[in-house]
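Here is a guided tour of a two-chain model, written to be read with the coordinates open beside you. Please load the structure and follow along.

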Amino acid sequence: MFYGYTGTILRVNLTNGKISKEALDKKMAEDFVGGRGLASRLLCEEIDPQIEALSPENPLIFGTGPLTGTGAPATARYVVVCKAPLTGTIACSNSGGFFGPEIKFAGYDALIIEGESPEPVYLWIKDERVEIRPARVLWGKFPSETESSLQKLTHPSAKIACIGPGGEKLSLMSGIVNDNYRIAARSGVGALMGKKKLKAIAVRGTGGINLADTEEFWKASMDMHAKITGDPVSFGSFRAYGTTSLVNLINEMGAYPTRNFKSDTFEGAANTSGEAIAEEILERNRACFACPISCTRVTEVKKGPYKGRGEGPEYESTWALGALCGVSNLEAVAKANYLCGDYGIDTISTGATIACAMELFESGALTEKEIGFPLNFGDEAAMVRAVEMIGEREGFGDILADGSYRLAERYGHPELFMGAKKLEMSAYSPRVFQGMALQYATSNRGACHVRGNTVAAELYGVPRYMPPEVLEQKEEMVRRPFQNSTAFVDSSGICLFTKFAITHREICALLTPATGIDFNFDRSIVQGDRIWNLERMFNLRAGFTAADDKLPARVSEPSPDGPRAGSRAILQNHLQTYYQLRGWDTEGRPTPSKLEELGLEDWWNVCREHD
Amino acid sequence: MNKLEADVIIIGGGIIGCATAYNLIKKGLDVLLIERNGIGSGATGRSGGGIRQSARVSNEIPLAMESVALFPGLSDELGIDIEYTRSGNFRLVEMPDHRRPMQVDIARQQSHGLDVSWLGVTDVLELAPGLRWQNILGASYCPEDGHCDPLRMVSGFYHKAKEDGLKVLLNSDVQNIQQMDNGQAEVETNTHSLKAAKIVIAAGFGSQELCRKIGLDLPLQNVRYESMITEPLPPILSQMFGVASSDLFFRQTQNGGIHFGGGLIEEENEEDTRTTGDNLKMAVAHISRLVKDLGKANLLRTWGGLDPSTPDGMPILDFLNENVLLATGFCGHGLALGPMVGRYLAEWLATDQCPEALEPFKRNRFDGWLQTKWTPSGAFAADLATEATQTSGTGTVGSGIAFMTPPEYDDAESADQQKLLAVNPEMCTGCRMCESACSIEHEKIMRQTGLRIQVAYPSDDYFLPIMCIHCEDTHCMEACVYDALEINDYGIVTVIEDNCIACMLCIPACPTGGITFVDSKETVVKCNLCGGDPVCARYCPTQAITFRAIDTNMREKMDDFMSKNLDSRIDR
């Protein structure tokens, strides 16, 4: 009998229509917790990391954590793991809403979707009943239409995860959209779903999640509830302004990358800040499953050319579609954000790709003839148009849809790609936040902010304040309290935003009574480390080397203006210290003794067999 | 020993002593002031400098309002710039838990005619752009409050009085006070023996000891405050600031230094002006969360001071015997009250008639007071302890964000009725935490079907928890033919599971959709208020569900919006 976990993994082969159920390996769950860790472990078992990402061999794994759906605060997360079409690294995109818990209620810890269907299909999971159904009528539809159609076709309260037209057209920036507006966006997981011709997954679960010790679990939940609702960041600013509460703050400290990272302060930031959103377009806030924070913004632009309604924009979306493109019109940014949602594409990569194109255009490497219209920084109408073209792969959008790395390469300016491992950086300037610089360079899915958001320490002082410019001890900070810790949190099924208010201790205090397995602080540190090293091994096996742990040259040059003019990202010496702290060799490879310590020696052997 | 004589001897050269002396001299009396150290060397000179009427206990508000009205004229009257700025006083709210009690407290202060209001964070920032908004939810704001330089103010009173003939003994320690046969009293210091008809004890934290010499033990306890000041910075704050969560205060002085600090509750009767690292660190950490760009400022100096406090947060102003008048226990409010208290005390001494305004401050309010240890508390903290956090506030704040909208109903009249679950869809964010709590509590498993409470989603911005509202009509009982539903004396309907055969006739009979069928049990289930402490209300993070007394009006309203949205309730 499983507690917390459901104990079942669902395997669906779209090539031959075979549906099977497998038991969860309890030892594996103990070692890799669940969610990101467990799904990554399953992926490593499924494939050789060297395979082509957009191929039928690459499975799409939906994973949930042992806490997902248990009703403890903020337990709404599910993850999507595969080899990333955009980057070629391991991909792990996660999302909240109500879809993750529904998978658990239906009785599954993870869904492994293999193969490739010849025709568009959707998957209908009602508890133990699983069907592959034709989806020709849904093909081409936006997520909101897909969801309402599917709820008519299946069950009115079914929860839906689907791709938009972006994913159908294999845009490498496309994600998987659930509950209309939430999206597991980065790394191009939507393209793989599109490649499999799987339009959507509809789930309805009527079962329950057993808890090993309900009394203890309830106590720990109430305790966490009190901590979160008493926290000024989680319950204060995120509730009042959502993630966009950061806009003014980061911009004021001169760490808000602007115009494709040319500068670090944006004069129009106030217009697109959380306060402006609250004032101008906010309808109300709403919550994911069991979340007291409720950072989601329901917004509406009521009239004008940018009329629309949806959720967000979130902080990174506001930034990528705003400051990064030099756009300070909130309604245009909101519209571009709604469009990204409709097409099911990642707002960060979309904004960053348009910004890259803008710079190429202004430098003369791209002409008006190629694009079809002038694409200058600050041109909001052109930016919104470009988003549409990307979603539809129409005209020049066909080139943009594959992300800024491929765009910059194609036009002979690879230095204008602002990211690492082909994934674009997000809205915290690595010139200012030295922790973020190291994190972007070493993150396992490319330059990403949610693999270890050191801004928590460098700005909010959680777990303790480390001034952004200081270099000392940043390696250890990035490694343990951020990268490893995030891996653990993502694996538990709880939302990362709670981390301002709680630590591993509270999460373990929930995990133990939920699962009946002894989770404790010390073990959680090792679990996080194990997951991180596993992902690293995947990437090394896929062909990445220490040479890929780098940042674009531009951020190593001094910031030209703003309150932190002159600051720059410093990496060189830190990488080696970081490798050393991780127990890796100078080439950034986990040493056999490190792998043995983490119980990953099997994986090392598998690697060698391939060599 | 030398013998000096005067009409009135004042012990203590702080703001109360000096202001009283100044007003007595104005009345033509012969006054002698005895001070142990120097003028303003005690609590006055070490104070925060806030001149406020807001955040006071109700009985003190009229006196504070009168006193604050004197401040604009004080600089001219005393011939010294006391650096008074009437820029307003904020009391910042950082925790959601403090927001509603604060709004209740504001309503209380407004009822005394005070111009104080609740400001949301954007309004606070507009007035005080130097604050870091991300840690602030809002604040109480009183525009007529302000701050001044305490040392300049006390020396103003002192020098003006001295010019007009005040006699002074500095560095003199009072050792005894005795009543004499001739109706006068004698004060013995280390150097002098002094006689007067009236003695005023305004000796701050030293007053307790002097009272004991007269044979009275009053409930006074010393609170140590620690303050510090930074190097001069460019002007960033003009108002006086306090916070709801602790004793922190801060202001920017006219030369630019940020003066801040807070209290540490400790009983210490020795003069102790130490500062403790821990307390300072806490204050620095706290203020850095609230004020922008303080990180780089250097601290110039730190100091501590003792302030006598009383259990109800108000001073004791009363005669201890025919000769001795006590004026102490100001709980940190002496600076603001000083000018008016000085006037009233002078009037009292000159006429032997207690001014009506000082009636609430007599010591008989502590008659029968048990000498147990108590924690001195400010007005707000005291209210926090007594007001239930479920009390709703007044006024509307902010827009669009659920947690900033106070509930629209409050029904004190029906307080003695049976408490029920009240639902406010405006506050609901659709998170379904109520469902989770209900499931774990009653089913001991986490599931989303067969629940006693369900969240309906009529639209993407309107969410509604639906459950049994224990209506007076009891349609469900009428529909049940198996006696499977019973009602108790308080009108709470529950299911008798043994009798229920799951015919489900009660389900469509319920107008709000409060009854559900559970297939695993083969009975229907409904809310039984968890036997008096509903978990859904406890777990709800936004107070969209509260457990409270409900009047008919509210019940009808709930009936209305639940039955109207019954269609959108989907059995999960």
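Predicted model: local features only at pLDDT ≥ 70, side-chain atom pairs only at ≥ 80, totals over all residues.

Local features are described where pLDDT is at least 70, and side-chain atom pairs count only at pLDDT 80 or more.

## Where the chains meet

β13(A) pairs with strand β20 (residues 446-447) of chain B in the antiparallel sense, over two bridges.

Chain B has 572 residues, of which 51% count as buried. Its secondary structure comes to 14 helices and 27 strands. Among contacts in chain B between residues at least 6 apart in sequence, 72% join residues at least 24 apart.

Which residues touch the most other members of the largest nonpolar core? Of the 359 residues in this core, they are A:Y122, A:M383, B:I9 and B:I11. The largest share of the core, ten residues, comes from helix α8 (residues 334-351) of chain B. For a closer look at one of these residues, take A:Y122: leaving out residues up to four places away in sequence, A:Y122 touches A:R133, A:A135, A:L138, A:L150, A:L198, A:K199, A:A200, A:I201 and A:A202.

## A buried strand in chain A

Is strand β6 (residues 110-114) of chain A enclosed or open? Five of its five residues are buried, so β6(A) is largely enclosed by the rest of the structure. In a regular strand, side chains alternate between the two faces of the sheet. Here A:A110, A:I112 and A:E114 point one way from β6(A), while A:L111 and A:I113 point the other way, and all are buried. Note that A:E114 is among these buried residues.

β6(A) has strand partners too. Strand β1 (residues 8-13) of chain A runs parallel to β6(A), and five bridges join them; within this pairing, A:L10 has A:L111 as its bridge partner. Strand β3 (residues 60-64) of chain A pairs with β6(A) in the antiparallel sense over four bridges, and here the bridge partner of A:G63 is A:A110.

## Two crossing helices

Helix α2 (residues 35-46) of chain A packs against α20(A) at an angle of about 90 degrees, with their axes 5 Å apart. That angle makes α2(A) roughly perpendicular to α20(A). The contact is made by A:G35, A:R36, A:G37 and A:L38 on the α2(A) side and by A:A487, A:D490, A:S491 and A:S492 on the α20(A) side. By class, this contact has two nonpolar, four polar and two charged residues.

## Backbone details worth a look

Most residues other than glycine have a negative phi, and most peptide bonds are trans. With that in mind, here are some exceptions in this model. A cis peptide bond joins A:G312 and A:P313, with omega about 5 degrees; A:P313 is found in the loop between β16 (308-311) and α11 (315-321) of chain A. The peptide bond from A:V462 to A:P463 is also cis, with omega near 0 degrees, and A:P463 has its place in the loop between α19 (455-460) and α20 (474-492) of chain A.

In chain B, two residues other than glycine have a positive phi. For B:N171 the value is near 50 degrees, and this residue lies in the loop between β8 (167-169) and β9 (174-179) of chain B. B:H470 has a positive phi of about 50 degrees and sits in the loop between β22 (462-466) and α11 (475-479) of chain B.

Which of these two is buried and which exposed? B:N171 is exposed, because it has 12 other C-beta atoms within 10 Å. B:H470, by contrast, is buried, because it has 23 other C-beta atoms within 10 Å.

Terms used. Residues numbered from 1 in each chain as written. Chains lettered and ligands numbered in written order. Pairing = 2+ DSSP bridges. Buried ≥ 20, exposed ≤ 12 C-beta atoms within 10 Å, placed from the backbone. Core = buried A, V, L, I, M, F, W, Y, C linked by C-beta atoms within 7 Å. Contact = placed C-beta atoms within 7 Å. Axes fitted to C-alpha atoms, helices over the stretch in contact; angles between N-to-C directions. Parallel < 35°, antiparallel > 145°, perpendicular 65-115°, else oblique. Nonpolar A, V, L, I, M, F, W, Y, C, P; charged D, E, K, R; others polar.
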